[in-house]
Amino acid sequence: MFKTILVALDTSELSARVMAAVTQLNLDPDAQVILSHVISPAESGFGVSADRPSLHPQMGTYRSIEQHLQQFQDLLPCDSEIEIVTGDPVDEILRLANIYGADLIVLGSRGLTGVERVVQGSVSGAVVADAPCSVFVVKSAET
């Protein structure tokens, strides 16, 4: 049913849950999976003063992100591609879904509530609201 699936991943433990959900989809060998990672401007260091330490020191370099995605790529029974982009996560996920003509977007939800959700925003909620296709949201283990 789903021929083109965009999977939005990060370097958190939630990514493993998202990939476990993707492998449960019984993917057709003719399907194409795009494994994506969006580096937000804060993570990339753009717009951050040079005299300030990185906000996310655990965030790896482009190469380590690529290696992380390649490990997930090995789990797939179909063709796949890797996309690593910089920008607003919601905008970039929706842009990639449109570029690839995705039939499904799969992403995780951190389960933010209350003030945290208002301050940090909900990427999954915004993607669900504006996606050009179906969206499968995988919740974190804590929610």
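## Helix α4 and its buried side

The buried residues in α4 are V90, E92, I93, L94, L96, A97 and Y100; here buried means under 20% relative accessible area, exposed over 50% and partly exposed in between, using a 1.4 Å probe and protein chains only. Contact, here and below, means heavy atoms within 4.5 Å. Helices (H or I, at least four residues) and strands (E, at least two) are DSSP runs, numbered from the N terminus.

A quick note on what you're looking at: this is a predicted model, where local features need pLDDT of at least 70, side-chain atom pairs count only at pLDDT 80 or more, and totals for chains, interfaces and linings use all residues. Residues are numbered from 1 along each chain as its sequence is written, and side-chain values use heavy atoms, with hydrogens and water left out.

## Length and end of α4

How far apart are the end C-alpha atoms of α4? They sit 16 Å apart, which agrees with the 16 Å that its twelve residues (89–100) should span at 1.5 Å a residue. The expected span is 1.5 Å times one less than the number of residues.

## How α4 meets α6

The two helices pack at an angle of about 40°, and their axes are 9 Å apart. That makes α4 oblique to α6. Axes are lines fitted to C-alpha atoms, for helices over the stretch in contact, and angles run from 0 to 180 degrees between N-to-C directions. Under 35 degrees counts as roughly parallel, over 145 as roughly antiparallel, 65 to 115 as roughly perpendicular, and the rest as oblique.

On the α4 side, the contact is made by P89, V90, I93 and L94; on the α6 side, by V123, A126, V127 and D130. Sort these residues by type and you get seven nonpolar, no polar and one charged. For that sorting, Ala, Val, Leu, Ile, Met, Phe, Trp, Tyr, Cys and Pro are nonpolar, Asp, Glu, Lys and Arg are charged, and the others, Gly among them, are polar.

## Zooming in on V90

V90 lies in helix α4 and is buried, with a relative accessible area of 13%. Leaving out residues up to four places away in sequence, V90 touches V123, A126 and V127. The C-alpha atoms of V90 and A131 are separated by 9.5 Å, although these residues are 41 apart along the chain.

## N26, out in a loop

N26 is found in the loop between α1 (14–23) and β2. At 69% relative accessibility, N26 counts as exposed. N26 isn't a glycine, yet its phi is positive, at about 50°.
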